[in-house]
Amino acid sequence: MAEYSALSLLKNAFSGNRDWKPAWRKPDPKPSYDVIIVGGGGHGLSTAYYLAKEHGITNVAVLEKGWLGSGNVGRNTTAVRSNYLLPQNIRFYEHSMKMWENLSHDLNYNVMFSQRGVLNIAHTPAQLDDFARRGNAMRHLGADAHLMTPAEMARRVPGLDVSKSARFPIYGGLMQERAGTARHDAVAWGYARGADRRGVDLLENCEVQGFIKDGDRVVGVNTSRGEIRAKKVAVAVAGSTGHVMRMAGVERMPIESHTLQAFVSESLKPFLDTVVTFGMGHFYMSQSDKGGLVYGGDIEGYNSYAQRGNLPIVEEVMSEMLALFPSLAPVRVLRSWGGVCDMSMDGSPIITTGPLPGMYLNCGWCYGGFKATPASGWCFAHTIAKDQPHHFNAPFTLDRFHRGAVIDDKGQGATPRLH
Amino acid sequence: MLITCPYCGPRDVSEYTYQGDGNRARPDAGSTDNQAWNSYVYDRLNIAGEHHEIWQHSGGCRAHLAVSRNTLTHKVSAVAFARDAGHRKSDRHRKSGGAA
């Protein structure tokens with residue numbers, strides 16, 4: 001059953017780890033497929049997996065310009081949660097949460113999903129009221145949430161400054177116990193292996209350079225590995241959405257690409273067994289199984305495809321960390337990196353048919369796409385297979401902006417840097 | 001990232017506020033063309049490469065600037081006052097509408 005059992009680890013250790021088999025094939029592109037998925041990140045791979053598993057569509061290729069998991073699925077801070085306010089978002093992300101709860105079994109691959117809880121910290125009475133409202137909205141639709149007092153939070157989160165003299169005194173918090181973290185690379189690898197075994201071709205180093213059209217209809221792509229045709233072409237390229245859609249002839253999208261940075265500290269003894277988020281700025285932190293603190297903050301706030309950020313955000317994130325945990329001041333940062341986020345105009349995603357005939361689109365994940373990986377692929381596969389959305393993703397259309405049906409969880413308006 | 005303000009010289013990005021995509025055309029205030037307004041509010045070119053955008057030197061002289069910046073490298077190639085670069089001034093609307 002388990003391919004990486006203790007016995008196989010031991011056996012391979014004694015043979016110098018020379019006998020491990022690759023987890024997926026490296027096929028050459030076929031001239032045509034039933035479905036092409038552009039983008040071999042978490043969402044593209046899970047889409048391929050569910051196309052094969054749920055809909056029996058296995059003549060599928062996933063096209064990745066780099067190597068699998070080289071984009072945001074390997075760059076995020078691994079948090080998984082469904083603590084939204086609006087019903088469309090709660091239903092979708094709660095569906096995702098339920099899929100996470102069974103994902104390791106489903107993939108027969110340990111994604112190390114750890115339901116260690118996500119705690120949103122409130123620093124004013126009004127913010128705590130707002131959290132109570134959001135918690136009620138979540139519970140109303142079947143997600144879990146409960147409020148915590150500062151005393152309870154101090155017991156749960158050692159080192160958290162709950163004193164009255166804190167830079168931003170803490171009034172309470174909203175906890176989602178079923179939320180947590182997952183090993184992001186394992187998610188990519190598990191979906192990749194699962195899709196490959198069902199016959200999906202994973203084509204790495206295969207960059208899409210243009211779309212082949214028959215009239216308006218998209219019938220294939222030109223790639224760095226030649227021309228590939230398909231009945232259906234699905235695009236799941238996150239931060240590269242604007243760039244890729246322009247190649248298909250769609251000039252403008254309700255998307256801006258922004259860089260988000262993330263940080264890992266040196267390893268510390270385990271002290272933080274939950275994910276905490278700051279309420280007076282944008283900051284979130286968890287502790288990895290290796291002991292490093294994994295944390296991040298706001299996006300850079302200006303258009304960028306650079307996969308690297310600038311120093312003002314670094315300084316801001318560190319100061320936010322110290323506002324919550326003054327005792328972490330001597331801890332050294334081990335490394336930092338950036339990823340390109342597809343910021344939508346209302347902070348919610350797009351999973352839809354179109355916008356061109358023969359095309360399907362999955363984008364707009366802002367900086368929250370990782371937790372959506374299972375449900376995003378599941379809903380996108382349904383949309384591709386049936387040519388219509390599942391009711392979970394039916395609200396996440398591309399034309400909702402022009403119809404006035406935006407899903408703006410934070411009520412920030414069409415200002416991507418504020419979502 | 002440094003942006004060279006025409007008044008103040010090269011200053012750190014933290015002194016500036018990003019006002020967004022400079023490629024958008026605001027419809028005339030009297031326009032009732034829904035498509036044009038929707039497009040102005042929601043649709044973006046989102047260029048991977050040389051990008052025209054508006055910044056305000058909010059931590060300095062407060063001038064609105066039209067900046068050309070490469071979104072792949074963050075290199076700033078040109079900075080001009082937004083009013084000189086042909087961008088519509090919003091002051092007139094703001095004054096009539098009170099504090100903005």
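## Chain B

In this predicted model, 23% of the 100 residues of chain B count as buried. Chain B holds 2 helices and 6 strands. Read from the N terminus, its elements follow the order β-β-β-α-β-β-β-α.

Among the contacts in chain B with a separation of 6 or more, 47% are between residues 24 or more positions apart.

## Contact between chains B and A

Chain B contributes 19 residues to its contact with chain A, and chain A contributes 22 residues. On the chain B side, two or more residues come from each of α1 (34–42) and β4 (50–56). Helix α1(B) gives the most to this side, with 4 residues.

By class, the side of chain B that touches chain A has 8 nonpolar, 8 polar and 3 charged residues.

## Domains of chain A

Across the boundary, 10 residues of domain 1 of chain A are in contact with 12 residues of domain 2 of chain A. The domain 1 side of this contact consists of 2 nonpolar, 6 polar and 2 charged residues.

## The eight-stranded sheet

Chain A contains an open sheet of 8 strands with mixed pairing, in the order β5-β6-β4-β13-β14-β15-β12-β16. Strands β5 (146–148) and β16 (333–344) of chain A are at the edges; each has a single partner strand, so one side of each has no neighbour in the sheet. From one strand to the next, the twist averages 25°.

The partner of β16(A) is β12 (residues 255–267) of chain A, and the two pair in the antiparallel sense over 11 bridges. Within this pairing, A:Leu260 has A:Gly339 of β16(A) as its bridge partner. Helix α9 (residues 311–324) of chain A packs on the sheet, where α9 touches β12, β13 (275–278), β14 (283–287), β15 (292–303) and β16 of chain A. The direction of α9(A) makes about 135° with that of β15(A).

## Packing of helices α3 and α10

Helix α3 (residues 87–101) and helix α10 (residues 373–386), both of chain A, pack with their axes 7 Å apart and at an angle of about 110°. Because of that angle, α3(A) is roughly perpendicular to α10(A).

From α3(A), the contact takes A:Phe92, A:His95, A:Ser96, A:Met99 and A:Trp100; from α10(A), it takes A:Pro374, A:Ala375 and A:Trp378. In terms of class, this contact has 6 nonpolar, 2 polar and no charged residues.

A:Thr78 is placed in the loop between β2 (60–63) and β3 (79–80) of chain A. With 21 other C-beta atoms within 10 Å, A:Thr78 is buried, because the cut-off for a buried residue is 20 or more.

A:Thr78 and A:Ala182 are 104 residues apart along the chain, while their C-alpha atoms are separated by 5.6 Å. Leaving aside residues up to four places away in sequence, A:Thr78 touches A:Thr181, A:Ala182, A:His184, A:Val294 and A:Phe370.

Notes:
Residues numbered from 1 in each chain as written. Chains lettered and ligands numbered in written order. Predicted model: local features only at pLDDT ≥ 70, side-chain atom pairs only at ≥ 80, totals over all residues. Axes fitted to C-alpha atoms, helices over the stretch in contact; angles between N-to-C directions. Parallel < 35°, antiparallel > 145°, perpendicular 65-115°, else oblique. Contact = placed C-beta atoms within 7 Å. Nonpolar A, V, L, I, M, F, W, Y, C, P; charged D, E, K, R; others polar. Buried ≥ 20, exposed ≤ 12 C-beta atoms within 10 Å, placed from the backbone. Pairing = 2+ DSSP bridges.
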